[in-house]
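Biologist: Hi! Could you walk me through the charged pairs in this one?

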Amino acid sequence: MAASAERVVTVLELRERVMALHDRPLFADEHPEALQELVDPTISVVEGPDVWSLPAGWTRILNRIHADLLELLGGYVVTQVKQKGTGLVISTRPYASDKARERVRAARSESGRTCDLCSEPGTSNWQRFVTRCERHTVTRNDRIPGALARPPGLSPPR
């Protein structure tokens, strides 16, 4: 019980620091518990608002699907990558063929079983619109802030 109470205090302190320091979502390298894996730099993303919002824990899923989409679509550009509900949404140009759409649906399904913070196996929480592992579970009093993967080509500040 003491370990659980200590965890809540630690998480609440982390949340307060995050909210005080940043007025935007955190990138993975700014979050001590987030997956630090980088997005494949060969992924091409259109510029514009609301194009990139990839939870850090789903970076591996996007990197794997990127290889499949290159094979199925040839050259393509990501027009949107985000979390919707508790799953990954990927939009491309050109639009995905049937096989590519099938692969995108499989990635969405996989994301619903993968912690959106650290990439360990997780469970979807529809009330909080997150998918989290046991270590990063979300309850009313234990809101661990999430983190986004840095888009390809955006370096961390020095």
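**Salt bridges**

Modeller: Happy to! A search of the whole structure finds seven salt bridges, each a side-chain nitrogen of Lys or Arg within 4 Å of a carboxyl oxygen of Asp or Glu. This is a predicted model, where local features need pLDDT of at least 70, side-chain atom pairs count only at pLDDT 80 or more, and totals for chains, interfaces and linings use all residues. Residues are numbered from 1 along each chain as its sequence is written, and side-chain values use heavy atoms, leaving out hydrogens and water.

Biologist: Which side chain does glutamate 37 meet in a salt bridge?

Modeller: Arginine 60, at 2.6 Å from N to O. Glutamate 37 is in the loop between helix 1 (2-21) and helix 2, while arginine 60 is in helix 2, 23 residues apart. Helices here are DSSP runs of H or I with at least four residues, strands are E runs of at least two, and both are numbered from the N terminus.

Biologist: Is arginine 132 buried or exposed?

Modeller: Buried, and so is aspartate 116. Buried means under 20% relative accessible area, exposed over 50%, and partly exposed in between, using a 1.4 Å probe and protein chains only. Their side chains form a salt bridge of 2.7 Å, N to O. Arginine 132 lies in strand 4 (residues 130-132) and aspartate 116 in the loop between helix 3 and strand 3 (123-125), so the bridge ties together parts 16 residues apart in sequence.

Biologist: New topic: what does asparagine 63 touch?

Modeller: Leaving aside residues up to four places away in sequence, asparagine 63 touches Glu37, Leu38, Val39, Asp40 and Ile43, where contact means heavy atoms within 4.5 Å. Asparagine 63 lies in helix 2 (residues 59-73) and is buried, at 17% relative accessible area.
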